[in-house]
Amino acid sequence: MDPENQPKVTKNIKKEYDFVVIGGGSAGSVVVNRLTENPEWSVLLLEAGGHETEITDVPILSLYLHKSKLDWKYRTQPQDSACQAMVDRRCCWTRGKVLGGSSVLNTMLYIRGNRRDFDQWESFGNPGWSYDDVLPYFKKSQDQRNPYLARNTKYHNSGGYLTVQDSPYNTPLGVAFLQAGEEMGYDIIDVNGAQQTGFAFYQYTMRRGTRCSAAKAFIRPIQLRNNFDLSLWSHVTKILVVPGTKRVYGVEFIKEGRKEVVYAKKEVILSAGAINSPQLLMLSGIGPKEHLKEVGIPVIHDSPGVGQNLQDHIAVGGLAFLIDYPISTVMNRLVNINSALRYAVTEDGPLTSNVGLEAVGFISTKYANQSDDWPDIEFMMTSASTNSDGGTHVKNAHGLTDEFYNDVFGNINNRDVFGIFPMMLRPRSRGFIKLKSKNPLDYPLMYHNYLTDPHDVNILREGVKAAIALGETSSMKRFGARFHSRALPNCRHIPMFTDEYWNCAVRQYTMTIYHMSCTAKMGPPTDPMAVVDPELRVYGVTGLRLIDASIMPTITNGNINAPVIMIGEKGADLVKKQWLSRRKRDSVTIPGS
């Protein structure tokens with residue numbers, strides 16, 4: 001059997017399973033893989049979306065998937081603090097509605113975060129989550145294809161399910177980015193190794209030039225396990241709880257227009273992501289009681305932290321530098337019949353480029369402690385920018401208004417450029433999610449609250465200044481680099497290049513990096529805002545666990561897909577540990593069965 005084909009969907013799902021997992025994204029895919037390793041346990045995976053497509057496999061096409069049928073197409077509520085250049089001042093929050101979740105739409109960057117992130121989680125009262133505790137779980141998943149890194153077995157591993165590799169295609173700008181970093185005094189490092197501050201080529205969750213989504217990595221290899229059932233296009237609407245005992249016994253979901261119910265003998269595991277998981281908890285009566293009463297949902301457990309503490313990584317979009325050489329990733333030039341044939345035959349070439357993302361730099365602004373290797377800005381360096389496809393897909397994916405795009409980029413459409421996106425790593429601003437109504441098909445209301453804390457504005461501004469300085473290095477000047485310094489429409493009343501100007505600019509083209517997290521955080525029982533305990537069990541009910549990005553107490557220092565897969569690995573182990581030690585006890589009896 002070809003291991004690369006689509007996982008088979010179960011025709012007739014059973015009435016009950018040991019475990020029901022909600023959401024087949026980056027965490028849920030790992031959880032079902034690991035739980036079905038025990039042949040005595042039956043596991044059902046419910047996923048609201050369908051299968052991946054041929055398009056999702058091609059790295060350069062990831063932006064074409066935004067706003068497609070594979071995307072939930074979420075948009076935040078209008079807020080003045082950020083996203084002012086977007087249509088209706090609403091940021092677009094792309095989330096994968098597909099088996100594999102957002103790992104099917106992302107740019108596949110493999111960044112684990114900083115040792116201090118996890119040590120800090122532990123210091124909040126979460127034993128077992130320090131860096132030394134979680135490193136084995138990062139390694140467990142990993143199949144590192146760079147032989148130099150694979151030999152460094154302290155930090156890397158080969159043979160896991162998730163393929164991690166270097167880019168098969170780089171432009172000459174990639175090397176120049178690293179040289180520019182050295183000119184600025186930074187080391188070239190392995191950003192997933194001993195030190196994070198420095199510059200490196202990105203590594204990607206790719207396999208032989210195609211996307212290695214969580215579904216491809218973790219679900220395709222287990223589709224023949226007899227104890228694993230898969231139901232797609234299954235939109236979960238409620239977690240079922242026995243009111244008196246607060247025992248979770250199953251879930252309600254809609255499939256093909258019909259309401260269905262399935263029972264869980266041991267646990268329901270919620271892995272629906274940082275937007276859908278808190279939404280489902282609230283729809284099921286677990287959340288802030290005043291809010292639940294307001295929308296008419298009976299309160300099962302008052303959990304004030306559900307939907308709060310929302311964190312995300314934002315960057316300043318549109319920092320473009322014109323160059324004099326036709327080497328950048330201009331989409332119209334790269335996506336053609338020759339590159340398609342090269343891709344089909346040799347699995348390399350420009351179609352394996354991740355929208356031009358080539359190198360990463362972790363730097364510390366004046367607001368970070370320079371001595372402790374906990375940088376506060378990540379440079380995402382690309383051989384492309386917003387204008388590289390002539391104002392079509394990038395503009396649409398980011399939700400920019402036509403007026404803003406035409407004013408700022410109209411005169412450099414399809415020109416050769418490189419881009420630097422300075423991303424703020426540890427925001428102090430906190431957003432929140434609440435229900436619009438008790439109708440489970442209504443999208444929740446999302447308030448990003450980006451840049452409401454002045455500290456965040458300061459860090460992003462310094463990140464922009466450092467990015468412009470990088471464009472001034474001799475390594476970049478060799479290409480004729482010059483900053484595309486068109487003043488932004490809403491900031492023209494302020495002199496260019498002043499701190500006041502940049503403070504205004506960062507609120508215009510605010511780019512989410514789609515790292516929504518922390519909306520149902522893990523913490524000790526003494527923390528009133530904690531939603532799950534350090535074993536990821538949801539407070540206030542039994543038989544429900546939450547395993548995804550929502551459980552992060554604080555966001556990690558970098559792109560979050562690798563940490564979410566780690567949370568899946570560790571969460572699955574916590575489930576196994578509990579149930580294997582309980583073996584002698586009887587399983588729960590289901591009401592009415």
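**Exercise 1.** Which residue forms a disulfide with C83, and how far apart are their sulfur atoms?

*Solution.* This is a predicted model. Start with the bond itself. C83 pairs with C91, and their sulfur atoms are 2.1 Å apart. A disulfide needs sulfur atoms within 2.5 Å, so the pair of C83 and C91 qualifies. Next, take the torsion. About the S-S bond of C83 and C91 it is about 110°, so this disulfide is right-handed. Last, check burial. The cut-off is under 20% relative accessible area. C83 has 0% relative accessibility and counts as buried. C91, with 2%, is buried too.

**Exercise 2.** Find the handedness of the link between C491 and C504, and say which parts of the chain the pair ties together.

*Solution.* First, the distance: the sulfur atoms of C491 and C504 are 2.0 Å apart, and the two form a disulfide. Second, the handedness: the value about the S-S bond is -85°, and the link is left-handed. Third, the location: C491 lies in the loop between β24 (482-483) and α17 (499-505), while C504 is in helix α17, so the pair ties together parts that are 13 residues apart in sequence. C504 is buried with a relative accessible area of 15%.

**Exercise 3.** Classify the ring pair F118 and W121, then the pair F321 and F483.

*Solution.* The structure holds 26 aromatic pairs. In one of them, F118 and W121 have ring centres 5.2 Å apart and planes at 75°, so the pair is edge-to-face. These residues are three apart in helix α4 (residues 115-123), separated by about one helical turn. Both F118 and W121 are buried. The rings of F321 and F483 have centres 5.3 Å apart and planes at 50°, so this pair is tilted. It links distant parts of the chain: F321 is in strand β18 (residues 320-322) and F483 in strand β24, 162 residues apart. Both F321 and F483 are buried. Ring pairs also join F321 and F483 into a cluster with F177, F418, F497, Y501 and W502.

**Exercise 4.** Over which rings do the charged ends of K97 and R426 sit?

*Solution.* K97 has its charged end over the ring of W72, 4.5 Å from the ring centre. The charged end of R426 sits over the ring of W374, 4.1 Å from its centre.

Definitions and conventions. Residues are numbered from 1 along each chain as its sequence is written. This is a predicted model: local features need pLDDT of at least 70, side-chain atom pairs count only at pLDDT 80 or more; totals for chains, interfaces and linings use all residues. Side-chain values use heavy atoms; hydrogens and water are left out. Buried means under 20% relative accessible area, exposed over 50%, partly exposed in between (1.4 Å probe, protein chains only). Helices (H or I, at least four residues) and strands (E, at least two) are DSSP runs, numbered from the N terminus. Rings of Phe, Tyr and Trp (its six-membered ring) pair if their centres lie within 6.5 Å; planes under 30 degrees apart count as stacked, over 60 as edge-to-face and the rest as tilted. A charge sits over a ring if NZ of Lys or CZ of Arg is within 6 Å of the ring centre and within 35 degrees of the ring normal.
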